[in-house]
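Dear colleague,

I am writing to hand over the structure shown below.

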Amino acid sequence: MRKTVIQLLKFAVVGLSNTAISLAVYYVLLSLGFNYIVANVIGFIISVLNAYYWSRKYVFTSSVNQAKTIARVYVSYGLTFLLSNFLLYFLVDHIGVSEKIAPIDVLLFTVPANFLLNKFWAFRD
């Protein structure tokens with residue numbers, strides 16, 4: 001249990017940097033006139049590389065080969081990315097949440113999902 005709590009805290013630190021990168025890219029692209037979904041896709045692609053690197057180096061230990069692990073990480077983040085885009089679209093276009101606030105609301109769902117997928121599948125031996 002203690003190991004899981006420590007991993008969760010480390011994952012949160014990595015997640016903060018990942019989120020900062022993703023949101024920075026998102027907001028910069030929004031300011032340049034990109035569609036919010038396109039901005040979210042580009043932010044995702046860039047931020048997952050950050051997430052993989054730091055999760056492998058700092059959070060989880062895995063003896064699974066690097067290619068297999070990175071593939072699993074992209075699948076894990078891909079699943080939560082699909083969830084993220086659905087929730088973003090739903091919040092902005094159907095609920096009326098600001099496109100500037102909605103990505104932060106979405107994190108309440110995607111961060112726990114990402115931790116569980118990474119811990120129990122992507123970095124699992």
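A search of the whole structure, which is a predicted model, finds 1 cavity of 30 Å³ or more. About 380 Å³ of space lies in the largest cavity. Its lining is made up of 22 residues, and those closest to the centre are Asn 18, Ser 22, Ser 84, Leu 107 and Thr 110. The largest share comes from α1, with 7 residues. Sorted by class, the lining of the largest cavity holds 12 nonpolar and 10 polar residues, and no charged residues.

The remaining notes concern how the helices pack. Two packed helices are described by the angle between their axes and by the distance between those axes.

I begin with α3 and α4. Their axes lie 9 Å apart, and the two helices pack at an angle of about 155 degrees. Angles over 145 degrees count as roughly antiparallel, and α3 and α4 are therefore roughly antiparallel to each other. The crossing in which α3 passes α4 is right-handed. The residues of the contact between α3 and α4 comprise 16 nonpolar, 7 polar and 2 charged.

The next pair is α1 and α4. Here the axes come within 10 Å and cross at roughly 135 degrees. The helices α1 and α4 are therefore oblique to each other, and their crossing is right-handed. On the α1 side, the contact is made by Thr 4, Gln 7, Leu 8, Phe 11, Thr 19, Leu 23, Tyr 26 and Tyr 27. On the α4 side, the contact is made by Pro 103, Ile 104, Leu 107, Val 111, Asn 114, Phe 115, Asn 118 and Lys 119. By class, the contact of α1 with α4 has 10 nonpolar, 5 polar and 1 charged residues.

The last pair is α2 and α3. The axes of α2 and α3 cross at roughly 145 degrees and come within 10 Å. Their crossing is right-handed. The contact of α2 with α3 divides into 17 nonpolar, 6 polar and 2 charged residues.

With kind regards

Technical notes
Residues numbered from 1 in each chain as written. Predicted model: local features only at pLDDT ≥ 70, side-chain atom pairs only at ≥ 80, totals over all residues. Heavy atoms only, no water. 1 Å grid on protein atoms, 1.4 Å probe; cavity = no way out; pocket = protein on both sides within 12 Å on 5 of 7 lines; lining within 4 Å. Points joined across faces, edges and corners; volume = space filled by probe spheres on them. Helix = DSSP H or I, 4+ residues; strand = E, 2+ residues; numbered from the N terminus. Nonpolar A, V, L, I, M, F, W, Y, C, P; charged D, E, K, R; others polar. Axes fitted to C-alpha atoms, helices over the stretch in contact; angles between N-to-C directions. Parallel < 35°, antiparallel > 145°, perpendicular 65-115°, else oblique. Left-handed = near helix turned anticlockwise from the far one by under 90°. Contact = heavy atoms within 4.5 Å.
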